[in-house]
Amino acid sequence: MPGNRFNGFTDYGIGIGLRAPHYEHILSRKPVVDWFEIISENFMIDGGRPLHILDQILGQYKVVQHGVSMYFGSADKPDREHLRRLKELVKRTNTPWLSDHLCWGSVDGRYTHDLLPMPYTFEAARVTAQKVREVRDFLEIPIAVENVSSYAEFHVSEMTEWEFLNEVVEQADCGILLDVNNIYVSSQNHKFDPFTYVNSVPAERVAQIHIAGHSKFKKYILDTHDHPVLDPVWKLYERAIQRAGHTATLLEWDDSIPSFQEVHREALKANRFLAGRSLAVAV
Amino acid sequence: MKLLALQRAVARAVMQPLTPSERMQRKAPGGGRMSAYAARFIKPNDCLTSFERLEIYNRQYWFRVLGSMAEDFPGLRAVLGGQRFEFMCKAYLTDCPSRSFTLRNLGSHLETWLRQNPSWIRDRRVLALDMVRLEWADIEAFDGQAKPPLRAEDLSKIEVANLQLTIQPYVQLLELHYPVDDLLLEVKHGDDTSDFGSNAVQERRKRSKVRAVAKLEPAQIFLAVHRLDFSVYFRRIEPEEFALLKALRSGKTVERAIELAFRKSSVPLADRAAFVQHSFQTWAALGWFCRREEKMRDVKARENRA
């Protein structure tokens, strides 16, 4: 799907997350990179070095915003100050779409700063979709929601995670940031077939794909973003690309960050699957 | 269970402090067993009980917020010692959990909270409060707002008799009782080079920090925490400069601010003009003056005069 209404009809290739240890390399060497993803919250500030760096990056690269604290699934109303600052940043970056997680993390104005899993209920889907719509209407750009890794499931759930995702995106009429690493992590923690998940997602709504590494512990898998992408995740990615076509792809590497070249090399492995996939083949 | 009720129940458990061995407490918020509390809303699976699944989030929460505090307040950590700092942070975050979408603001209430809970800093109260103020000023100066700088032509529009100058929002002015600027720089320098340290080197650095804190003598200092070329600097200033800048920031005219600055000054009368001139030149060169936002009534008044 070279471009759709959920990613602003763009045709982005393979990007990597913009991280502080790489600033110097990027600004001095100017490597060829299709695009960078920034964590919005790191730049929702009044001034100083982070915005100065961002402006230099914006002068040379395409940038897409990805958030970590909108908490579409929180029962709380959207934080007006958060939205105001986010809109300022959107104007600065000209991001063609904006993503954040399908999760919750704050309640009664208190923030956990974590991506907590949703109860998969119809009430939660309705509340979440309403919030996605409100945020999109305020920001006036396409929104994509990202599936998260989870370590817990709730008794009250009335559907599977992918059914919940579909329910939200249909009600909100928004896009999906499909994180195939998160699907894999959750599938291992909750014992479901990750391909069933990937095959159930409405391919025409996929605006972007995330790939990343994870860590295995004795009793569960943790989404740590501190390793290269593992084979089972590449297999899911391959399947996602078969369904969604050539889709903007982003490698996340947030901890134990190696050199820029190593991160970029890892991201470019996605080309093995993207080559020749310019059209969506929904299967 | 409704969405809001469920989220409140989960958040109470997730934000409840860990045990000393960094595990989830056996006692649930409000009493009762945590295992029963968790089982009420979380499914177990073949590998993990409801308690264990909830514990993953409980631990992640505390590791994240404590890590953020340690990153933002390394100076206070050096003053209090690692263990007391951690206990203090747990108490602070229990009383003042984050109410902002960004972790940047996690320590915004720490100074006020410490003044209300002085037992955490009882034998080093003044030093600890000085350090917290400096570290928060450091954060504010790093990413605070920079307004358009004042230009010569902006001055020409202002009546000299009522000349007011605005200080850049990112410039932080502090009156302190200890030279904590030196201490913080020493602590940060040690941390910056810690990535190649062996255990012995780390231990030596820790002892060096303890010695630096122990030998610190009280001395009143005045600081402007500001940034230049996007780096934060701690600039020591004279008491008269501090008073002048404070007066300007509070909206006093330049004339009145100068009067106030020298009220209790030991600077000889004959030297004051040169002192003021030098100070203003320095601040202008550092970019500390910015254009004043005109209030609507000022705009109207000027238009009427025209």
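This is a predicted model: local features need pLDDT of at least 70, side-chain atom pairs count only at pLDDT 80 or more; totals for chains, interfaces and linings use all residues.

The points below take up the domains, the core, the contact between the chains, a sheet and a few single residues.

1. Domains of chain B. Chain B is divided into domain 1, which covers 1-71, and domain 2, which is made up of 148-179 + 216-306. Taken over C-alpha atoms, the centres of domain 1 of chain B and domain 2 of chain B are separated by 50 Å.

2. The largest nonpolar core. This core has 152 residues, and V145(A), I176(A) and V180(A) are the ones that touch the most other members. The element that gives the most to this core is α7(B), with nine residues. Because domain 1 (1-71) and domain 2 (148-179 + 216-306) of chain B both give residues to the core, it lies between them. As general background, nonpolar side chains in soluble globular proteins tend to be buried together.

3. The surroundings of V180(A). If neighbours within four places in sequence are left aside, V180(A) is in contact with V198(A), I209(A), I211(A), V233(A), L236(A), Y237(A) and A240(A).

4. The contact between the chains. Chain A brings 38 residues to the contact and chain B brings 40 residues. On the side of chain A that touches chain B, the elements giving two or more residues are α2 (49-58), β5 (104-107), β6 (110-116) and α4 (122-139) of chain A. The most is given by β6(A), with six residues. Sorted by class, that side of chain A has 16 nonpolar, 11 polar and 11 charged residues.

5. A sheet in chain B. Three strands of chain B form an open sheet in the order β2-β3-β4, with antiparallel pairing. Since β2 (172-176) and β4 (231-236) of chain B stand at the edges and have a single partner strand each, one side of each is left without a neighbour in the sheet. From one strand to the next, the twist averages 25°. Strand β3 of chain B (residues 221-228) is joined to β4(B) by six bridges, the two running antiparallel, and L228(B) has S231(B) in β4(B) as its bridge partner. Helix α11 of chain B (residues 239-249) lies across β2 and β3 of chain B, and it runs at about 135° to β2(B).

6. Two positive phi values in chain A. In general, most residues other than glycine have a negative phi. N94(A), which is not glycine, has a positive phi near 60°, and its place is in the loop between α3 (80-93) and β4 (98-101) of chain A. D173(A), likewise not a glycine, has a positive phi of about 50°, and it sits in the loop between α5 (161-172) and β8 (175-179) of chain A.

7. Exposure of these two residues.

8. A loop residue of chain B. R124(B) lies in the loop between α6 (110-116) and α7 (125-143) of chain B. With 19 other C-beta atoms within 10 Å, R124(B) is partly exposed. From C-alpha to C-alpha, R124(B) and L80(B) are 7.9 Å apart in space, while they are 44 residues apart in sequence.

Notes: Residues are numbered from 1 along each chain as its sequence is written. Chains are lettered from A and ligands numbered from 1 in the order in which they are written. Two strands pair if DSSP finds at least two bridges between them. Helices (H or I, at least four residues) and strands (E, at least two) are DSSP runs, numbered from the N terminus. Axes are lines fitted to C-alpha atoms, for helices over the stretch in contact, and angles run from 0 to 180 degrees between N-to-C directions. Two residues are in contact if their C-beta atoms, placed from the backbone, lie within 7 Å. A residue is buried if 20 or more other C-beta atoms lie within 10 Å of its own, exposed if 12 or fewer, and partly exposed in between; C-beta atoms are placed from the backbone. A nonpolar core is a set of buried Ala, Val, Leu, Ile, Met, Phe, Trp, Tyr and Cys residues joined through C-beta atoms within 7 Å. Domain bounds come from an automatic or database domain assignment. Ala, Val, Leu, Ile, Met, Phe, Trp, Tyr, Cys and Pro count as nonpolar, Asp, Glu, Lys and Arg as charged, and the others, Gly among them, as polar.
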